[in-house]
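Q: Please take a close look at one part of this model for me. I would like to know how that part sits among its neighbours, and then what lies beyond it.

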Amino acid sequence: ARVAHGVSAVVDPALMRLLASRAICLCVCPSSNARVGLRPDYAKIAAAGIPLTVNTDDPAFVGTNLLKELDIAEQEHGLRRDVLVAASWQYRFPRPG
């Protein structure tokens, strides 16, 4: 139901269609990707119907927090905060038991 990162899917139209058709959520961290030199087109991924959640990846390494990541996703990538937050609830890991 979820793939951590997975932003390289943007270069493979068939994979993008598969992710969208199965509603597989990509858990992304804009700061972490930027830190390692990746600048994926998150808006293109979202527009393809692939659910996204924004995460902090490794806050100590990246120097971020969830509010900063949501701000970056919204301001720099044109993603809607309310959609990202709703997806985080919808695609959270189920609790055991």
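A: Start with strand E2. Cys25 and Cys27 point one way from E2, Leu26 and Val28 point the other way, and all are buried. Buried means under 20% relative accessible area, exposed means over 50%, and partly exposed lies in between (1.4 Å probe, protein chains only). Strands (E, at least two residues) and helices (H or I, at least four) are DSSP runs, numbered from the N terminus.

A word on the numbers. The model is predicted: local features need pLDDT of at least 70, side-chain atom pairs count only at pLDDT 80 or more, and totals for chains, interfaces and linings use all residues. Residues are numbered from 1 along each chain as its sequence is written, and side-chain values use heavy atoms, with hydrogens and water left out.

Now the sheet. E2 belongs to an open sheet of three strands, in the order E1-E2-E3, with parallel pairing. Strands E1 (2–4) and E3 (52–54) stand at the edges with a single partner strand each, so one side of each has no neighbour in the sheet. From one strand to the next, the twist averages 25°. Such angles run from 0 to 180 degrees between N-to-C directions, with axes fitted as lines to C-alpha atoms, for helices over the stretch in contact. Two strands pair if DSSP finds at least two bridges between them. Strands of a sheet pair through backbone hydrogen bonds, either parallel or antiparallel.

Take the E1 side. Three bridges join E1 to E2 (residues 25–28), and the two run parallel. Ala4 has Cys27 of E2 as its bridge partner. Arg2 is partnered by Cys25 in E2. Between E1 and E2 the chain crosses through helix H1 (residues 13–21), and this β-α-β crossover is right-handed. That means the path from the first strand over the helix to the second runs clockwise, with the strands pointing away from the viewer.

Take the E3 side. E2 and E3 are joined by three bridges and run parallel. Thr53 in E3 stands opposite Cys27.

What does Leu26 touch, leaving out residues up to four places away in sequence? Its contacts (heavy atoms within 4.5 Å) are Val3, His5, Gly6, Leu19, Ile45, Ile50, Pro51, Leu52 and Thr53. Leu26 also belongs to the largest nonpolar core, which has 17 residues; Leu26, Val28, Ile45, Leu52 and Leu84 have the most contacts inside it. H1, E2, helix H3 (42–47), E3 and helix H5 (66–77) each give two or more residues to this core. A nonpolar core is a set of buried Ala, Val, Leu, Ile, Met, Phe, Trp, Tyr and Cys residues joined through side-chain atoms within 4.5 Å.

Beyond the strand, look at charges. Side chains of opposite charge can pair when their charged atoms come close. A salt bridge is a side-chain nitrogen of Lys or Arg within 4 Å of a carboxyl oxygen of Asp or Glu. In the Asp71 to Arg81 salt bridge, the closest N and O atoms are 2.2 Å apart. This pair links distant parts of the chain, with Asp71 in H5 and Arg81 in helix H6 (residues 81–90), 10 residues apart. Asp71 is partly exposed at 30% relative accessible area, and Arg81 is partly exposed at 23%. Glu74 and Arg81 also meet in a salt bridge (3.2 Å, N to O).
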